[in-house]
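Below are some notes for a colleague opening this entry for the first time.

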Amino acid sequence: MLIGPWLCELAQPPALWPTLERSCRRGVICTVKARWCLLALGFGIGLTHYHHSTRCGGTSIVHLFEWRWADIAEECENYLAPNGFGAVQISPPSENIVVTEPWRPWWERYQPISYKLCSRSGTEQELRDMICRCNKVGVKIYADVVINHMCAASAGEGRRSTCGSYFNASEEEFPSVPYSASHFNDDKCTTASGNIENYQDIYQVRDCRLLGLLDLAHRKEHVRERVANYMNSLVDMGVAGFRVDACKHMWPEDLKAIYSRLNNLNTQWFPEGSKPFIYQEVIDLGGEPIKASDYSGLGHVTEFKYGAKLGSVIRRWNGDKLADLKTWGEGCGLMPSNQALVFVDNHDNQRGHGAGGASILTFWEPRMYKMAVAFMLAHPYGVTRLMSSYRWDRSLVDGKDQNDWMGPPSYPDGSTKPVPINPDGSCGGGWVCEHRWPQIRNMVMFRNEANAEPLSNWWDNGENQIAFGRGDRGFIVINNDNCTLDAFLQTGMPAGSYCDVISGQRTAAGCTGKLITVGQDGKAHFTIKATEQDPIIAIHAGSKL
């Protein structure tokens, strides 16, 4: 499907991805000579919205939160593709209100003004270029789309928006879409305030305003058409799917009607008939009538209980311990694995927003965070998404961060700063880039190597020392106890020497970390002191010397 002069060629095998010529520029029109990667694998793309479409072997999504399109394009080419990442979740690309009090908060991007494609991440042309370049090296793009609402009713009127479009929130007029008062749910909401007041009432949750945000009437044909057209504009550019914001606040039948109108993926990069991968934000921690399962027939659903429960286990709260993870998944009250999009933290709950509470682990506590992420990437449950954050000046008062609104590293005019890469591969300038931490990067490769292999050879000491394998492709050991782990364990791995990918990695010269020897019987000796910075050992087929 031709989409204009930003087309690229996907003709190079994976071995050439690190050195691909950056030819996705305006004016370069190419033809597709090969889609052998996706076709040969026979998975990841299908005829429903359930499939996670990633490149050869890439199984994990990384959320490059608030990154500029130009920086994402560079990251796809220089880091993500060579290191086995499958996809990027990008911040909402649509035009949003410009908030100056507080100054340019992160959440302004979740208050749309129109479906024009200009934001502080870049212009529409830069967005097209990024999608093209990432697809060219086999890294898919999933767009975060905000379709439940427009900006807050209190936003006033004017052109304070990222594209300069006029709006009048008090009159519910958004001429650039266009939407007017008849396209909102005011006539259906029964609360005096017009806002959601009771989360036990499904009609309030789905027909009233979320935190004062103007709630769209998705039952109306015009709204369905406008939303579908917006999403299709991104599909036609080459995005592979969507994270759909605030699905809990929309009726499933309305979402089904919108999803049914989505185009097949762009055949420039995907096999004919491929559908977008959809994962829906539904906060369901239990205790409310709206359930994640209400939406699982439409696509994947965010499993918020995952990070909350795993955080509690790693923190050893309320008697929780690693040994309890033997039944991790549906056995622990999580949704079915083939419906779940899982994460340790996300852009909301790392700030105390959204769901999960104080148990959520983030980059602020790196030792425990790396344990949680390593477990997530090693365990077969769900489709995994990693967080890539930026730092902000926290100001905790009575346990609440007064600066939880702060936007990305920016210049005085509010424009987002580039992401600088340090000589050691880490990020500077206030960007955290957890996905570039060596331990996390190497566990992404572990998951790729072990993909589709069942969990095997579980071991635990009854407390906070565990180990498990993934068939004969990988094995991980974690010590979260106060004493040394010292054990001979059945790995299920072929005999040989393996490089631990947590303390180092395999190189042409050998291994830069711990060396693990697996005997002919599949057993190996593991020692992890309780005081180690990263009390984890992980080996996989790709780390065999």
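**Notes on the salt bridges**

1. Start with a network: salt bridges link Glu-66, Arg-104, Glu-108, Arg-109 and Arg-120. Please keep in mind that the model is predicted.

2. Helix 3, which covers residues 124-136, holds both Arg-133 and Asp-129. They sit four residues apart there, about one turn of the helix. Are these two residues buried or exposed? Both Arg-133 and Asp-129 are buried.

3. A salt bridge also joins the side chains of Arg-209 and Asp-186, at 3.2 Å from N to O. This pair links distant parts of the chain, 23 residues apart. Arg-209 belongs to the loop between helix 4 (202-207) and strand 7 (213-215), while Asp-186 belongs to the loop between strand 6 (167-168) and helix 4.

4. Arg-209 has a relative accessible area of 17%, and because buried means under 20%, Arg-209 counts as buried. Asp-186 has a relative accessibility of 38%, so it counts as partly exposed.

5. Lys-514 and Glu-532 form a salt bridge in which the closest N and O atoms are 2.8 Å apart. Why does this pair tie together parts that are 18 residues apart in sequence? The reason is where the partners lie: Lys-514 is in the loop between strand 21 (510-511) and strand 22 (515-518), and Glu-532 is in the loop between strand 23 (523-528) and strand 24 (536-540). Lys-514 has a relative accessible area of 25%, so Lys-514 is partly exposed.

6. As for the protein overall, it has nine helices and 24 strands. Of its 545 residues, 60% are buried. The protein exposes about 20000 Å², and 51% of this comes from carbon and sulfur atoms.

7. A last point concerns contacts along the sequence. Taking contacts between residues at least 6 apart in sequence, 69% join residues at least 24 apart.

Note on methods
Residues are numbered from 1 along each chain as its sequence is written. This is a predicted model: local features need pLDDT of at least 70, side-chain atom pairs count only at pLDDT 80 or more; totals for chains, interfaces and linings use all residues. Side-chain values use heavy atoms; hydrogens and water are left out. Helices (H or I, at least four residues) and strands (E, at least two) are DSSP runs, numbered from the N terminus. Buried means under 20% relative accessible area, exposed over 50%, partly exposed in between (1.4 Å probe, protein chains only). Contact means heavy atoms within 4.5 Å. Accessible areas come from the Shrake-Rupley method with a 1.4 Å probe; for residues, only the protein chains shown count as cover. A salt bridge is a side-chain nitrogen of Lys or Arg within 4 Å of a carboxyl oxygen of Asp or Glu.
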